[in-house]
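Visitor: I have a model to go through. Please show me the sequence and the structure, and I will ask as we go.

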Amino acid sequence: MRWLGEDEAREVIALSEALFAENGPRLQDIRLGRIEFCNFEQMHHFEPLHRL
């Protein structure tokens, strides 16, 4: 990892703004499922304990 140069930072910001302008409206309404309380086993497994 390294710090971006000023020109690179401007390019990343421009790209991020363009991507958000294109995809942002589709991401405004994110529907989530039921709330779950889980036991953390590891980064790839959460054992469900209770669902609301």
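Visitor: Is Glu 8 exposed, partly exposed or buried?

Guide: This is a predicted model, in which local features need pLDDT of at least 70 and side-chain atom pairs count only at pLDDT 80 or more, while totals for chains, interfaces and linings use all residues. Residues are numbered from 1 along each chain as its sequence is written, and side-chain values use heavy atoms, with hydrogens and water left out. Buried means under 20% relative accessible area and exposed over 50%, with partly exposed in between (1.4 Å probe, protein chains only). Glu 8 has a relative accessible area of 31%, so the class is partly exposed.

Visitor: Which residue forms a salt bridge with Glu 8?

Guide: A salt bridge is a side-chain nitrogen of Lys or Arg within 4 Å of a carboxyl oxygen of Asp or Glu. For Glu 8 the closest N and O atoms are 2.9 Å apart. The partner is Arg 2.

Visitor: Which residues are joined into one network with Arg 10?

Guide: Helices (H or I, at least four residues) and strands (E, at least two) are DSSP runs, numbered from the N terminus. Within helix H1 (residues 6–23), Glu 6 and Arg 10 are 4 residues apart, about one helical turn, and their side chains form a salt bridge at 2.4 Å, N to O. Arg 10 also meets Asp 7 in a salt bridge of 3.2 Å, N to O. Salt bridges that share partners join Arg 10 into one network with Glu 6 and Asp 7.

Visitor: What radius of gyration does the protein chain have?

Guide: The elements run α-β-β from the N terminus on, and the C-alpha trace spans about 50 × 30 × 10 Å along its principal axes. The radius of gyration is taken over C-alpha atoms, and the globule rule is 2.2 Å times the number of residues to the power 0.38. A compact globule of 52 residues would have a value near 10 Å, but the protein chain has 19 Å.
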